[in-house]
Amino acid sequence: MRGNLRQGTGDLLPEYKEGFSVFRDFQVPGRSAVYAPHAMAATSHPLAGSAALEILRAGGTAADAAVAAIAVHSVVEPHMTGIGGDCFAIVARADGTLSGMNSSGRAPENVSADKLIAEGQLDIAMDSIHAVTVPGALRGWEKLLRDHGRLSFGQVLQRAIGYARNGYSVCPRVAFDWKGAVDFLKRDDGASGLFLKNGRAPVAGEVMRNLPLAETLEAVANGGADAFYHGPVAEEIAAVVQSKGGYLTAADLAAHEAVDLTPVTTDYRGVTIAELPPNGQGIVALVMLELMKRFDWAGLDPVGPERFHLEMEIARLAYSGRDRFLADPETMEFDPQAFLDRDYIDGLAKLISPDAVLPRQPEEVLSPKSDTVYLSVVDEDGLAVSLINSVYHGFGSGIATQKSGVLLQNRGACFTLEAGHPNQIASGKRPMHTIIPAMALKDGLPYMSFGVMGGGYQPCGHAHVLSNHLDYGMDMQEAIDCPRMFIDEKTLSLQAETSVPPETVEALKALGHEVSRVASPIGGGQAIMVDRANGGGLIGGSDPRKDGCALGY
């Protein structure tokens, strides 16, 4: 952990005991939050951030800049995101008006749980061809441009097309992730041809290209998203999936639409937090915040065992409800607002003890009766865009189309084959989704556009970052930097980053938790705050767990 939270003795610095910190320890490696008076983009890759600023300076809106940035991400971070994946967004206008967008793809019309079970499937594995669902991203980008932008696809895709055609240098964190996916990519000729060099992963600094993807993006720049969802690209995607035993058709792609959503909100420490309703898991973040309101956090060490114990116990309860009840809203048993009912939250809170580990809960208690790119952009007019785009598992399904250069997602692995489960795979159904953007309002006006990457970790990450800021007074960069823990979603043991102090880990073990150190960082994150107290400038942070940064002017 950087020295701004802890002194050498392990005590909190005085600034944190009193409230908002003023200065970090500039003798300790780290980074300051970014301050800018007019506009800002916070991304996990510097090339994406610079593309966003370029669009903003050219007169584009935050939506135009966000699409330009995510398109670049889709080229330079292929293991995390791409046009073969899905996206969600929350947009806040300067007056605080919120709008949500869901562009997650559906299962093929011809698939069913019965068919897969008859084939001998026990579940839908990450590497199963049946995990490939309709790519939703490009319809979502198109909708953002149409509803909130000024520029065309042709204008905002130029940087992405250039990097795909002419090459880009692989960044260190991208190279770190890439080397672990070599065997996975070798399973498919399309993926190995596009993403490996002589059978190996590229190293940091090495130049990579995706010429077929450049041609596909060029077609979209000229013809809009229809160039992807109709004609040769859609036909190739369907043919590749069917050649491996899947059910996806060109008609499935042609039918895809991005839809409007009304965000769901709750208040925490005087700030209104907005998340998207299911099929995403944003409601889990709100459940966590509602539970957190029942406890006093201000007196707890932000990297101490008491804080992490309570946060992880709250996460266990919130996530258990997610796994049993969240799905495509058309098949959910309960309205999302039921999960925020006061009596329901109070009942869950009573289960949590400050000095004992919570046992696994039965379903009747939980009932109210994971690789991703997130970015945030705020423009000079005060429009804020919180956008997340993912192919799910690292390199998605590991299957790519050779002619069009599209890496296909494996979001269908979130479905279940369990009979009667609301998230059971079915014809034309959206799976329960992990990627979630977020937005915060204060006094009815945009306050913070933020998101945390990391698959299932995201709701916990939202609650963690918000608590870091609102309970402990950390600025945007500090709130993102702060050490993280999460639960293993199968065993319920705890996973701690190496920056979590050893004494915290030992104290959690003494409480009865099983704790292990993770091999790689937990997620990522970006945030931009509107600093109205000091004149309305912007303060941004970007996760050092990734290669990116916040940039503004």
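These legends describe close-up views of a predicted model. Local features need pLDDT of at least 70 and side-chain atom pairs count only at pLDDT 80 or more, while totals for chains, interfaces and linings use all residues. Residues are numbered from 1 along each chain as its sequence is written, and side-chain values use heavy atoms, with hydrogens and water left out.

**View 1. Helix 15 crosses helix 17 in a right-handed sense.** Helices (H or I, at least four residues) and strands (E, at least two) are DSSP runs, numbered from the N terminus. The axes of helix 15 (residues 282–292) and helix 17 (residues 342–349) come within 9 Å and cross at roughly 70°. Axes are lines fitted to C-alpha atoms, for helices over the stretch in contact, and angles run from 0 to 180 degrees between N-to-C directions. The two helices are therefore roughly perpendicular (65 to 115 degrees; under 35 is roughly parallel, over 145 roughly antiparallel, the rest oblique). A crossing is right-handed if the near helix is turned clockwise from the far one by less than a right angle, and left-handed if anticlockwise. Helix 15 contributes Val287, Glu290 and Leu291 to the contact (heavy atoms within 4.5 Å). Helix 17 contributes Ile345, Leu348 and Ala349. By class, 5 of these residues are nonpolar, none is polar and 1 is charged. Ala, Val, Leu, Ile, Met, Phe, Trp, Tyr, Cys and Pro count as nonpolar, Asp, Glu, Lys and Arg as charged, and the others, Gly among them, as polar.

**View 2. Helix 15 is mostly covered.** Of its 11 residues, 11 are buried (under 20% relative accessible area; exposed is over 50%, partly exposed in between; 1.4 Å probe, protein chains only). Among them are Gly282, Met288 and Glu290. The buried residues pack against strand 8 (264–268), strand 9 (271–275), helix 16, helix 17 and helix 19 (458–470).

**View 3. An open sheet has 7 strands in the order 1-20-19-15-14-9-8.** Its pairing is antiparallel; two strands pair if DSSP finds at least two bridges between them. Strand 1 (34–36) and strand 8 are the edges, each pairing on one side only. Neighbouring strands are turned by 20° against each other on average, direction ignored. Strand 9 joins strand 14 (residues 438–442) over 3 bridges. There, Thr272 has Leu441 as its bridge partner. Helix 15 packs on the sheet, touching strand 8 and strand 9, and its direction makes about 25° with that of strand 8. Helix 19 lies across strand 8, strand 9, strand 14, strand 15 (445–453) and strand 19 (524–531), running at about 130° to strand 15.

**View 4. Strand 4 (residues 98–103) pairs with strand 3 (residues 86–92) and with strand 7 (residues 259–261).** Strand 3 and strand 4 run antiparallel, with 6 bridges. Val91 is partnered by Ser99. Their hairpin has 5 residues between the strands, and Gly96 takes a positive phi near 95°. Strand 4 and strand 7 are also antiparallel, with 3 bridges. Met101 stands opposite Asp260.

**View 5. Arg307 is a buried residue of helix 16 (residues 305–325).** Its relative accessibility is 0%. Not counting residues up to four places away in sequence, Arg307 touches Trp297, Leu300, Asp301, Pro302, His464, Ser467, Asn468, Tyr472 and Cys482.
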